[in-house]
Amino acid sequence: MLKDSLFKRRLYLGLGFVALALGIIGIPMPVLPTTPFLLLSAWCFARSSERWHQWLLANDTFGPVIASWEQSRCISIRTKVMAISSMVLVGGSSVVFAIDDDTYRFVALGLMAIGAIVVLRLKTCEKNTADIANQT
């Protein structure tokens, strides 16, 4: 039983780092949505490492988003606007100026659409819920 528990903790920790890496990569690469990967990372760290979970919560950039999610299962409208805007601006620029092959353009547009759908389907925090999370 103890080995099984240790295995699960290590698995969640590893998955947390993979999700965190994908979320960080998603910051400059709008094809990858940052927010869902950060939320997944926080979920994995909460089950494997209190130290890493607290590190994420203490982060000035990611912490408020994660705290809102953990407290109310929602993200702020500002986070949604930033996520969709970066996908459209940077991703759209990449599709128009950097990708020559139409197949790759459609793949990139499809991935951005999936990312946008994921972000839009997340519950939007009420104004006071987001403010409370930003203060923690």
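This report describes the helices of a predicted protein model and a few of their residues.

**Basis**

The model is predicted, so local features need pLDDT of at least 70 and side-chain atom pairs count only at pLDDT 80 or more, while totals for chains, interfaces and linings use all residues. Residues are numbered from 1 along each chain as its sequence is written, and side-chain values use heavy atoms, with hydrogens and water left out.

**Overall make-up**

The protein chain holds 7 helices and 0 strands, in the order α-α-α-α-α-α-α from the N terminus. Helices (H or I, at least four residues) and strands (E, at least two) are DSSP runs, numbered from the N terminus. Of the 136 residues in the chain, 34% are buried; buried means under 20% relative accessible area, exposed over 50%, and partly exposed in between (1.4 Å probe, protein chains only). The accessible surface of the chain is about 8,800 Å², and carbon and sulfur atoms hold 66% of that surface. Accessible areas come from the Shrake-Rupley method with a 1.4 Å probe, and for residues only the protein chains shown count as cover.

A contact is a pair of heavy atoms within 4.5 Å. Among contacts with a separation of 6 or more, 66% join residues 24 or more positions apart.

Helix α1 covers residues 2-25, and Ile25 belongs to it.

Helix α2 runs over residues 34-46 and includes Thr34. Its 13 residues reach 18 Å from first to last C-alpha, close to the 18 Å expected at 1.5 Å a residue; the expected span is 1.5 Å times one less than the number of residues. The buried residues of α2 are Thr34, Thr35, Leu38, Leu39, Ser41, Ala42, Cys44 and Phe45.

Thr34 makes a polar contact through its side chain, which reaches the backbone nitrogen of Ile27 at 3.2 Å. A polar contact is a pair of N or O atoms within 3.5 Å; within protein, one must be able to donate a hydrogen and the other to accept it, and residues adjacent in sequence count only if both atoms are side-chain atoms. Not counting residues up to four places away in sequence, Thr34 touches Gly23, Gly26 and Ile27. Further along α2 is Ser41. Leaving aside neighbours within four places in sequence, Ser41 contacts Gly16, Ala19, Leu20 and Leu56.

The table lists the relative accessibility of selected residues.

| Residue | Relative accessibility | Class |
|---|---|---|
| Leu6 | 38% | partly exposed |
| Ile25 | 39% | partly exposed |
| Thr34 | 17% | buried |
| Ser41 | 0% | buried |
| Arg73 | 45% | partly exposed |
| Asp102 | 48% | partly exposed |
| Arg105 | 25% | partly exposed |

Arg73 sits in the loop between α4 (63-72) and α5. Although Arg73 is not a glycine, it has a positive phi of about 55°.

**Helix α6**

Helix α6 (residues 102-121) has 20 residues, which should span 28 Å at 1.5 Å a residue, and its end C-alpha atoms are 28 Å apart, in agreement. Ala108, Met112, Gly115, Ala116 and Val119 are buried in α6. They lie on the same side of α6, because they cover an arc of only 100° around the axis; the arc is that of the directions from the helix axis to the C-beta atoms. The cover over the buried residues of α6 includes α5 (77-98). On the face turned away from the buried side of α6 are the exposed residues Thr103, Phe106, Ile114 and Arg121.

At the start of α6, a side-chain oxygen of Asp101 comes within 2.7 Å of the backbone nitrogen of Thr103. The whole structure has 1 salt bridge, a term for a side-chain nitrogen of Lys or Arg within 4 Å of a carboxyl oxygen of Asp or Glu. Arg105 forms a salt bridge with Asp102, and their closest N and O atoms are 3.2 Å apart. Both residues lie in α6, 3 residues apart, about one turn of the helix. An α-helix has 3.6 residues a turn, so residues three or four places apart point the same way.
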